[in-house]
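Here is a short walk through a model, meant to be read with the viewer open. Have a look at it before reading on.

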Amino acid sequence: RLLESNQATKSMSCSDHHWIDQSNLIHLLWLFGHQRASTFKAAQDEGIPVPWSDKEKERQREMRKQKGTWRQLRHKEDERRLKEKIRLKVEKKSQLEKETKEDTF
């Protein structure tokens, strides 16, 4: 009898564990659903595409290809333009000095 009751307890606990596992899975899926809904609403409020849209997936792929963040790239481009502007200013100044020297002689 003890053996039979012990086996019954084991089979009952296995089915209980199965029910608990299914229950946990349902709760987990419910949480993921709420997270996805919250992400969708936030994206709509901010006017950006949702992360699972094709447009956003393409943008994420492009970001992985680039070196640095968009902000770093923008700063790098700003630095390049500033250096170019300074270089042109120096060239213009040297050209004016050269013309002034030629006019004085």
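Does Trp 52 count as buried, exposed or partly exposed? At 29% relative accessibility, Trp 52 is partly exposed; buried means under 20% relative accessible area, exposed over 50%, and partly exposed in between, with a 1.4 Å probe and protein chains only.

## What you're looking at

This is a predicted model, so local features need pLDDT of at least 70 and side-chain atom pairs count only at pLDDT 80 or more, while totals for chains, interfaces and linings use all residues. Residues are numbered from 1 along each chain as its sequence is written, and side-chain values use heavy atoms, with hydrogens and water left out.

The chain has three helices and zero strands, running α-α-α from the N terminus. Helices (H or I, at least four residues) and strands (E, at least two) are DSSP runs, numbered from the N terminus. Of the 105 residues, 6% count as buried. The chain exposes about 10,200 Å², with carbon and sulfur atoms supplying 59% of that; these areas come from the Shrake-Rupley method with a 1.4 Å probe.

## Around Trp 52

The structure holds one aromatic pair. Its partners are Phe 40 and Trp 52, stacked at 6.5 Å centre to centre with 20° between the planes. For the cut-offs: rings of Phe, Tyr and Trp (its six-membered ring) pair if their centres lie within 6.5 Å, and planes under 30 degrees apart count as stacked, over 60 as edge-to-face and the rest as tilted. Phe 40 sits in helix 1 (residues 2-46) and Trp 52 in the loop between helix 1 and helix 2 (54-65), so the pair ties together parts 12 residues apart in sequence. Phe 40 is partly exposed too, at 37%.

A search of the whole structure turns up nine salt bridges, each a side-chain nitrogen of Lys or Arg within 4 Å of a carboxyl oxygen of Asp or Glu. Arg 87 pairs with Glu 84 at 2.4 Å and with Glu 91, again at 2.4 Å. Arg 87 and Glu 84 are three residues apart in helix 3, about one helical turn, while Arg 87 and Glu 91 are four apart.

Glu 79 bridges to Lys 83, with the closest N and O atoms 3.4 Å apart; both lie in helix 3 (residues 70-104). Lys 83 is exposed at 54%, whereas Glu 79 is partly exposed at 44%.
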